[in-house]
Amino acid sequence: VQNQVRNRTSFHFQPQRNWLNDPNAPMYYKGFYHLFYQHNPLAPEFNRKIIWGHSVSQDMVNWIQLPPAFSPSESYDINSCWSGSATILPDGKPVILYTGIDDQERREDRSQVTVLAVPKDVSDPLLREWIKPKQKPVMVPPEDVLHYCFRDPTTAWLGPDGKWRVLIGAKERDTRRGVALLYHSTDECAQWERHPEPLLVAQANEMLECVDFFPVKLAGKEGVDTSVNNASVRHVLKVSFEEQIGGKDCYVIGTYCSETDRFVPDSELTYTSADLRYDHGWFYASKSFFDSAKNRRINWGWVVETDSREDDFEKGWAGLLALPRQMWLDTSGKRLMQWPIQEINYLRTRHVSFHNRQLEGRSMFEITGITAAQADVEVTFDLPVLEHNARIRDSTHIADAVLFNYGNSLGCVYGPFGLLALASNDLSEQTAIFFKIIRRGNGYSVIMGIDENRSSLRDNVQKIPHGTFLDVDPRHEKISLRCLIDHSIIESYGAGGRNVITSRVYPKLAIGEAAKLYAFNNGTKGVTISSLDAWSMRNAQINTNAI
Ligand code: DQQ
């Protein structure tokens, strides 16, 4: 029943109704995963009284909705409770630091401050009630940063000197540079003192939103607690910066010295397409946490609606979270890997599978036997020996927009090939998740893209091609793809999670049982599907039950 509501998802996290944006303070506590989120409970749009929604789960797949954790109540947060993070103290008690918007009359005068919150009853595994124990904020914007650009405290970590550290994203008043300010606390997050040096100074006039900072192991998929720092880890610093359309979660990998509190990234953030990104589609304001129950680092990100405000009011909801993704360092050490947590597989039901099927040039076939609007698909493509062929395009002369546009690449040799998801009977609606091979320099590169252009017959929906270079060498590796299709969202993981693209689409015809799935090849050369496994996905219980 749930997914019959227009374009509503069936296994992605969202409140029952109205508005959601950033995920906040994910944590594991006494057998439960807790997830908080920026929420307007009154309408499917962002407003000036954002509260913290709160849900709990035992598997991060099915969620129970609890009463909101924080609402504006004090002079320091009366105009919204904005984003923040949780920290588990050594005695096991959690604390939360979040952003309060204070009580100044005029919007431009309002300050962003840091608020401390603690559970009322730590013996309650559901942490139903939270209190704000302080009469005043624990941090206010310093003189040299803009009072309206000082927000989103990270999870705190403990240094070898016994002091806690936390980062706040800010923008300098004079230079307008984005900075990640570092603070120290000697008393378990209740009082904070600014460290003279920011951990990161961005060479751009961008406010750094929702900064995240955490260690990753040099080898293996295991995660570590945020306070771990030794020779077996590196550190990741992620910033979210807004753009005209949507926003980007970009990151750098580097070395963090706890003694000097210096972070030396391997590369600089450039604020261009050269930066490492968690996701090349719609994915913003993400936040990770260490899951101590299963020793892994998990990241949650917000996926915005890209239909119109009118559509959101008609639907009665707006905003969802991408599936929780486990993150670890790639064996190259140069990027993170991401993969939906294994618990998502519990939703898999009806299964179809085949091996070694030829996908001729300019051909397509339907993948039947599953619910194509609600599916998990894993496919691996095997390429023929690449011939030196002048018609393999050379990317250096082509702008990104063309490069990643599937409609413009019909003349290619190797690709575009891939999946057509959420396709209508007459193919007037379809979303292509595709690969194509181009010649670049002396070698070959694989482009992974998603083209939303034909995803919906509706107007007033943003339809954008997304794409990136897939980090594989097509002469030596097969090309694998996993797509999680859920009515109005498609999450695509290339090469086992080296590159990810999340897309929003709002089909009018390709809904429910009418939606179809195809494998296609628009290139002139054939490719082989060495394996394809597709499953129908069950509905998850997402906040359908409230306590
Ligand atoms: N959303 C929050 C802010 C944050 C922004 C407000 C990022 O705290 O900077 O809802 O999406």
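A423 belongs to strand 29, which covers residues 417–423.

Apart from neighbours within four places in sequence, A423 is in contact with E429, Q430, A510, A514, A515, K516 and Y518 (contact means heavy atoms within 4.5 Å).

## Basis of the model

The model is predicted: local features need pLDDT of at least 70 and side-chain atom pairs count only at pLDDT 80 or more, while totals for chains, interfaces and linings use all residues. Residues are numbered from 1 along each chain as its sequence is written, and side-chain values use heavy atoms, with hydrogens and water left out.

## The chain as a whole

The chain contains two helices and 38 strands. Its C-alpha trace spans about 70 × 50 × 45 Å along the principal axes. The radius of gyration is 23 Å, which agrees with the value near 24 Å that a compact globule would have because the chain holds 547 residues. This radius is taken over C-alpha atoms, and the globule rule is 2.2 Å times the number of residues to the power 0.38.

Of the 547 residues in the chain, 61% are buried. Among contacts between residues at least 6 apart in sequence, 65% join residues at least 24 apart. The accessible surface comes to about 20,800 Å², and carbon and sulfur atoms account for 47% of that surface. Accessible areas come from the Shrake-Rupley method with a 1.4 Å probe, and for residues only the protein chains shown count as cover.

## Two domains

The domain assignment gives domain 1 as 2–11 + 19–340 and domain 2 as 348–546; such bounds come from an automatic or database domain assignment. The centres of domain 1 and domain 2, taken over C-alpha atoms, are separated by 31 Å. The contact between them takes 41 residues from domain 1 and 46 residues from domain 2.

## Backbone exceptions

Most residues other than glycine have a negative phi, and most peptide bonds are trans. A285 has phi near 55°, a positive value in a residue other than glycine. A285 is in strand 20, residues 284–291, and counts as buried because its relative accessibility is 0%.

N543 likewise has a positive phi, near 55°, and is not a glycine. N543 sits in strand 38, residues 542–546. With a relative accessible area of 0%, N543 is buried. The peptide bond from G415 to P416 is cis, with omega near 5°. P416 lies in the loop between helix 2 (400–403) and strand 29.

K436 is part of strand 30, residues 431–440. Its relative accessible area is 3%, so K436 is buried. K436 and F417 are 19 residues apart in sequence, with 6.7 Å between their C-alpha atoms.

R165 lies in strand 11, residues 164–172, and counts as buried because its relative accessibility is 1%. Beyond neighbours within four places in sequence, R165 is in contact with T155, A156, W157, G159, L182, Y183, H184, W192, Y256, S258 and D261. R165 and G496 are 331 residues apart along the chain, and their C-alpha atoms are separated by 34 Å.

S530 is in strand 37, residues 527–537. S530 counts as buried because its relative accessibility is 10%. Not counting residues up to four places away in sequence, S530 touches F354, H355, N356, T380, F381, D382 and K478.

Methods:
Helices (H or I, at least four residues) and strands (E, at least two) are DSSP runs, numbered from the N terminus. Buried means under 20% relative accessible area, exposed over 50%, partly exposed in between (1.4 Å probe, protein chains only).
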